[in-house]
Amino acid sequence: MTIGQVIKYLEQWAPPGVAWESDNIGLQVGDPDAELSKILVCLELTEQALDEAIDNGCNLIISHHPFIFRPLKNINTKTSYHGILIKKLLTNDISLFSAHTNLDYTKGGVSFVLAEKLGLTNIDFLNYAEANQVKLVVFIPEKNTEEVAAKLFEAGAGIIGEYSKCSFRTEGTGTFEGSADSEPVIGKKESFEKVNETRAEFIVNKWSLGKVLAALNESHPYEEPAYDIYPVANKNMNYGEGATGFLKDEIEQSEFIEYVSKKLNLNGLRYTTGKNKKIKKVAVCGGSGAGLVNDAIRSGADALITADIKYHTFFDAKGLIMLIDAGHYETEIFITDEIKERLEEYFKQKNEQIEVKNFSGSTNPIMFYNNNRGV
């Protein structure tokens, strides 16, 4: 199995097209055609994580945070931290792949895993992704409808929420007259023809449209398939930001602080009290989600757990929603377990004996000091 095959599998779960436009995701360093040996998963690449990958014979590192986020002006392999690690990656034939905001915005991604870690039920997105789909309308001879539809489904058409192979079909009559240079599959050239056809409609993610159209042209019997593409304003049920869920039993705010601290193995957290004395519905966003406070309030959540919250955001939220800053690393680190588990299941299905391990240390640059306990 190649590194590129693993990347393709991960990007089916967290498509690059759903990531922020300014994000730098995907293969950061390395060769996608190289044969895969072992994988190390970490939140971000550090020299310690890279050394562990080398010591364990890994030739692919998967990180959540991109190692190369902003354009590099130079790659100095002696004095630049990026240059030193890039040289070390290349010298040891190790590839680096990152899934960042695409993994934040996908179902089962960072925020969903955080919600699951907190024991929430009925988990869904806090906000669905804004319109990023189109409707593909295809006209197919009746006898070829199922064959063409199957190819379009396989290419990624017709996925709505938890449902796949979604389409709408109506029967009608198509007409055409081919020129002297045409090669019609049905009827004769220079002859007016009528054909029983199916009008088939499919929702398609914009980033999958090229692949779906390629499948259409390959599977459609006509020399020139007839199709229309319409923009749609629907929100995408398959992708979004943040997550919401419910505690099994409602608990007091003071109990909830202790509950969150234990569930996330925290050394400390920052918070402000909310409107409701008891917590039942909880909103979460792994990493920097302070911009979702108003969305969490509108959703009816009693609390929002995220990270990187500023003083004035706490001030504005006080008395409206319980707001908890549990730390950036602390709200995202659990995604490494999810990546590892998904890859192990994927390799099992493919009968591949490939080891996947999480970085054994911490890449968190933040440390805590308690004047009662010391460092």
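Mentor: Helices here are DSSP runs of H or I, at least four residues long, and strands are runs of E, at least two long, numbered from the N terminus. The model is predicted, so local features need pLDDT of at least 70, side-chain atom pairs count only at 80 or more, and totals for chains, interfaces and linings use all residues. Residues count from 1 along each chain as its sequence is written, and side-chain values use heavy atoms, without hydrogens or water.

Trainee: Which elements each supply at least two residues of the lining of the largest pocket?

Mentor: α1, α6 (145–155) and β11 (236–241) do. α1 gives the most, five residues. A pocket is an open set of 1 Å grid points where a 1.4 Å probe fits, with protein on both sides within 12 Å along at least five of seven lines; lining residues have an atom within 4 Å of a point.

Trainee: What makes helix α5 (residues 110–117) mostly covered?

Mentor: Buried means under 20% relative accessible area (1.4 Å probe, protein chains only). Six of the eight residues of α5 pass that test, so the helix is mostly covered. They are Val110, Ser111, Phe112, Val113, Leu114 and Ala115. Just after α5, Gly119 has a positive phi of about 75°.

Trainee: Which residues touch the most other members of the largest nonpolar core?

Mentor: Val6, Ile39, Phe256, Val284, Ile305, Leu343 and Phe347, out of 50. Helix α1 (residues 3–13) gives the most to this core, six residues.

Trainee: What is Val6 in contact with, beyond four places in sequence?

Mentor: Met1, Leu36, Ile39, Leu60, Leu343 and Phe347. Contact means heavy atoms within 4.5 Å. Another core, of 18 residues, lies apart, with Phe153 and Phe202 among them.

Trainee: Why is each set called a nonpolar core?

Mentor: Because its members are buried Ala, Val, Leu, Ile, Met, Phe, Trp, Tyr or Cys residues, joined through side-chain atoms within 4.5 Å.
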